[in-house]
Amino acid sequence: MAVVLDLLNNDTRTRLPEAARPRHPEKAHRPDTPIQRKPDWIRVKAPGSKLWAETKEIVRANKLVTVCEEAGCPNIGECWEKRHATFMIMGDTCTRACAFCNVRTGLPEGLDGDEPQKVADAVAKLGLHHVVVTSVDRDDLADGGAEHFFRTIRAIRATSPGTTVEILTPDFLRKKGALERVVEARPDVFNHNLETVPGKYVTVRPGARYFHSVRLLQRVKELDPTIFTKSGIMVGLGEERNEVVQLMDDLRSADVDFLTIGQYLQPTRKHHEVVRFVPPDEFKAYETTAYAKGFLLVSATPLTRSSHHAGEDFARLQAARLAKHGAAPLAGA
């Protein structure tokens, strides 16, 4: 069983009514963009099964917030039927305003100091073999939330020694020493998504810097070569194939192990439009090219998402490393 855990801040905090607290205030005055009808290859089963309902109840009972819901993930029905949910640490409000993202933006509240142990307790209670911990961007914090990641990883290790830990982090832009602190906790997988090709950063990911993100992933390997590194992008934002191929080369130059590629889906009319729905055969071609460039693992399908099938993918990563390099210790061993 695998779950991506990112717990919400204190649930007792006072919240403004939804109508009085815009989800995306920075997008409110943007012109509407058309939402295209999804093609037949992007069809998912509507959630509503008994197991899905049980997962929902666990999420609610533990007062968790899920990326599955916040980001409108199309795989929520499939994943929640397997009791795989994606949660966020450090709150539900992001300090960035990326044009593709449906997570709430604004000024976050303070950190919940008990949250790392709450995450660890939830992991133990659910009996997870693999857990993924992600977060919103916290540019308001001096370390970008690095210490909170460190404490959460260590709490999971102490409570569930047999559980492998995957993290999906922000870029820690201009946060000196932050990355080093997170790596010190020795997660098994360090994921940081590039999201798109560099030529689209100004319009798609304006608060980030492409080559800083590439360097971040490279630095992880320099600090601890046993940690698997992972990154993902969306296609359908207007990128060209040659730009995607160059991005693959950039990630391989940083010794990244695992690449995910999925179709961008527009959350609302205020978000970046879908320029194109990429057909499955082009995803297959991207997968073939990526493997030829040396990635240990590639997931490239229209419905691929960063934490989809995370537990199964971790086992495949281990097997691919063993086949290529021989035995290597786990990062958290």
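Visitor: How much accessible surface does the protein chain have, and what share of it belongs to carbon and sulfur atoms?

Guide: The chain has an accessible surface of about 14400 Å², and carbon and sulfur atoms hold 55% of that. These areas come from the Shrake-Rupley method with a 1.4 Å probe, and for residues only the protein chains shown count as cover. Please keep in mind that this is a predicted model, where local features need pLDDT of at least 70 and side-chain atom pairs count only at pLDDT 80 or more, while totals for chains, interfaces and linings use all residues. Residues are numbered from 1 along each chain as its sequence is written, and side-chain values use heavy atoms, with hydrogens and water left out.

Visitor: What makes up the secondary structure of the chain?

Guide: The protein chain has 11 helices and eight strands. Both are DSSP runs numbered from the N terminus: helices are H or I with at least four residues, strands are E with at least two.

Visitor: How do you know that the length of helix α5 agrees with what it should span?

Guide: The expected span is 1.5 Å times one less than the number of residues. Helix α5 has 14 residues (146-159), so it should span 20 Å, and its end C-alpha atoms are 20 Å apart, which agrees.

Visitor: Which residues of α5 are called buried, and what do they pack against?

Guide: Buried means under 20% relative accessible area, exposed means over 50%, and partly exposed is in between (1.4 Å probe, protein chains only). In α5 the buried residues include F149, F150, I153 and I156. The buried residues of this helix pack against β2, α4, β3, β4 and α6. Over the whole chain, 55% of the 333 residues count as buried.

Visitor: Why is the pair K221 and D257 called a salt bridge?

Guide: The term asks for a side-chain nitrogen of Lys or Arg within 4 Å of a carboxyl oxygen of Asp or Glu. The closest N and O atoms of K221 and D257 are 2.8 Å apart, and the two form a salt bridge. K221 lies in helix α8 and D257 in the loop between α9 and β7, so the pair ties together parts that are 36 residues apart in sequence. K221 counts as buried at 8% relative accessibility, and D257 counts as buried at 7%.

Visitor: What does the salt bridge between D32 and K270 tie together?

Guide: The closest N and O atoms of D32 and K270 are 2.9 Å apart. D32 is in the loop between β1 and α1, and K270 in the loop between β7 and α10, so the pair ties together parts 238 residues apart in sequence. D32 is partly exposed at 48%, and K270 is partly exposed at 27%.

Visitor: How are R316 and D313 placed in helix α11?

Guide: They are three residues apart there, which means a separation of about one helical turn. R316 forms a salt bridge with D313, with the closest N and O atoms 3.1 Å apart. R316 is partly exposed at 42%, whereas D313 is buried at 6%.

Visitor: How many salt bridges does the structure hold, and which residues are linked in a network?

Guide: There are 21 salt bridges, and R96, D137, D139 and D171 are linked in a network of them.

Visitor: How do you know that D250 has no salt bridge?

Guide: The nearest side chain of opposite charge to the buried D250 is K293, 9.7 Å away. For charges, Lys and Arg count as positive and Asp and Glu as negative, with His and the chain ends not counted. D250 lies in helix α9. Leaving aside residues up to four places away in sequence, D250 touches Y210, F211 and V214, where contact means heavy atoms within 4.5 Å.
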